[in-house]
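Reader: Could we go through this structure together, starting with the aromatic rings and then moving to the sheet?

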Amino acid sequence: MGDVQANAKDQHALRKSLARLTAGTSPAATITMWTDWAVHLASAPDKQLTLMRKAQENWLLWTNFVAHGCPSELEARPVRPEGTDRRFRDESWDSAPFAAMAQAFLLMEDFLDAATSDVPGLNPAHDRAMTFLGRQMLDAFAPSNFLATNPEAIARTFETGGFNLVGGASAFWQDIQKRMHDEAPKPTKKVGRDVAVTPGKVVFRNHLIELIQYVPVTDKVHPEPVLIIPAWIMKYYILDLSPENSMIKYLTEQGFTVFAISWRNPDAADAELGMADYLHQGPSAAIDQIADATKARKIHTVGYCLGGTLLSIAAAAMARDGDDRLASMTLLAAQTDFSEAGELMLFINESQVSFLEDIMDAQGYLNANQMMSAFQMLRSNDLIWSQMVRKYLLGDGDAAMNDLMSWNADSTRMPARMHGEYLRQMFLNNDLAAGRYHVDGHGVSLRDIRIPVFGVGTETDHIAPWKSVFKIHNLGHADVTFALTNGGHNAGVVSKPGHPRRHYRLHTIRDQDKALTPEDWFEEASLHEGSWWPAWAAWLSERSGKKINPPKITGALEDAPGSYVKME
């Protein structure tokens with residue numbers, strides 16, 4: 001028995017070491033994907049011929065561009081970067097020889113996309129993953145990443161006499177030291193002083209949550225409280241940042257009694273906590289406490305990201321059991337059907353999940369650095385390479401953190417059992433959408449949900465793509481009002497009124513209406529300028545009763561933001 005346990009520990013140590021080298025990616029999954037692609041490409045002569053023609057066409061386009069002196073006009077360029085690609089936007093990239101380098105790189109990207117896509121017989125998941133991985137590898141060799149081929153870095157070096165490189169070398173060494181010691185970036189905004197400052201009290205606490213009730217700021221409030229359930233992959237105050245950027249503060253100003261769950265930051269002792277624990281100690285416990293304390297007959301509920309997935313499970317279980325205490329359900333960038341869950345699916349397969357489970361089994365949780373690597377890879381140009389160029393070549397150092405960036409650095413951990421269950425039951429098996437998910441030994445179905453639903457998707461969300469969030473329309477028997485706002489997973493949700501350059505689309509599909517595809521919905525939805533928050537607040541108000549005196553805050557344990565949010 002002792003030898004078996006020792007061997008298991010050795011395997012965990014080996015996999016943990018591999019994870020550090022591969023940013024948490026399973027080598028077996030990567031090798032399987034590469035082999036599948038290579039074998040099918042080798043046995044597809046028609047695809048090979050197409051690629052040969054593609055290579056020849058790209059070569060001729062590039063040589064013609066260079067022969068004409070690398071003209072700066074957009075129409076003269078063989079290929080243009082994607083709209084989100086900022087690497088070559090500076091005007092110094094418009095002249096030779098740097099324009100030639102940029103075009104050569106972009107044409108190589110174009111060729112690699114063709115080489116890794118639409119290979120006959122290739123597993124569709126491997127097709128998408130190969131295209132993504134090919135881009136990741138090629139991005140490392142972009143001319144913008146090197147001093148000798150980056151005109152902005154060359155100009156900065158002459159301007160500073162090389163001090164940008166001295167500062168960059170110092171920053172590089174410091175980052176290496178942090179990487180070796182698994183140190184994550186530190187938030188610069190203090191919780192309770194700069195962020196999470198909306199007045200309130202912790203009115204309930206169990207092992208997993210602190211429930212915060214916020215002080216009313218209006219003379220009258222709607223009788224239905226609002227319960228906010230954030231994801232436990234994040235600290236709750238994403239929705240209570242600085243006062244001018246706080247959704248919670250905004251809701252209190254609209255005449256709502258607001259409660260929010262603040263999740264515990266788990267450690268190795270919490271390794272065996274599962275999805276059922278998060279359900280019962282999270283939304284279920286909070287709803288019971290709110291109903292008991294306020295005597296409210298109905299409660300509006302709001303779930304953000306993974307918190308929205310958990311809320312939908314809770315709502316389905318309550319509907320199954322005849323519990324009608326929910327007035328509405330709002331899902332903020334939250335998925336309920338994971339069949340098309342976006343680019344995160346590129347990292348999730350049986351081999352990868354097994355690899356992560358071994359890592360988590362060794363340490364009891366998945367830490368922030370291991371999660372952050374996957375999210376950074378989804379936007380490597382913005383979150384990895386452009387940051388490295390700015391810090392190491394331009395010598396700009398770390399950018400000053402705003403409240404959202406500081407929150408993003410305030411990391412959390414995920415218990416081993418819970419995260420394994422989440423990956424398997426949602427991403428791998430899609431049990432919730434398929435009606436196979438069980439609560440308390442019995443199945444739950446989203447089709448039992450008949451309360452009004454307000455869904456929010458964001459246009460550039462890489463974590464919960466809006467078309468995936470949109471699938472809630474087809475899963476329940478509910479009237480669904482859906483808002484599509486510009487921005488990403490966080491910035492699109494934290495969209496205070498008055499924020500510049502904000503817009504959203506809004507449309508309601510009632511249960512008896514004909515179904516719409518996401519594309520048809522996009523055409524039907526009305527376009528509005530500004531933040532979506534006022535439209536949502538109006539929607540909540542329309543589904544609320546006549547205003548009453550605010551409920552008293554009783555049983556206060558401590559002032560908001562509480563203790564759990566400060567756990568490191």
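Reader: Which residues form one aromatic cluster?
Author: Trp466, Phe470, Phe482, Trp521 and Phe522 form one aromatic cluster, where rings of Phe, Tyr and Trp (its six-membered ring) pair if their centres lie within 6.5 Å, and planes under 30 degrees apart count as stacked, over 60 as edge-to-face and the rest as tilted. This is a predicted model, in which local features need pLDDT of at least 70 and side-chain atom pairs count only at pLDDT 80 or more, while totals for chains, interfaces and linings use all residues. Residues are numbered from 1 along each chain as its sequence is written, and side-chain values use heavy atoms, with hydrogens and water left out.

Reader: How many aromatic pairs does that rule give?
Author: The count by this rule is 24 aromatic pairs. For Trp466 and Phe470, the ring centres are 6.1 Å apart and the planes stand at 85 degrees, so this pair is edge-to-face.

Reader: Are Trp466 and Phe470 buried or exposed?
Author: Trp466 and Phe470 are both buried, meaning under 20% relative accessible area, with exposed over 50% and partly exposed in between (1.4 Å probe, protein chains only).

Reader: Now the sheet: what is the strand order?
Author: The open sheet of 11 strands runs 14-13-12-11-6-5-3-4-2-1-15 with mixed pairing, where strands are DSSP runs (E, at least two residues) numbered from the N terminus, and two of them pair if DSSP finds at least two bridges between them.

Reader: Which strands stand at the edges?
Author: Strand 14 (526-529) and strand 15 (558-559) do, and each has a single partner strand, so one side of each is left without a neighbour in the sheet. Strand 15 pairs with strand 1 (residues 200-205) in the antiparallel sense over two bridges, and Val202 stands opposite Glu558.

Key. Helices (H or I, at least four residues) and strands (E, at least two) are DSSP runs, numbered from the N terminus.
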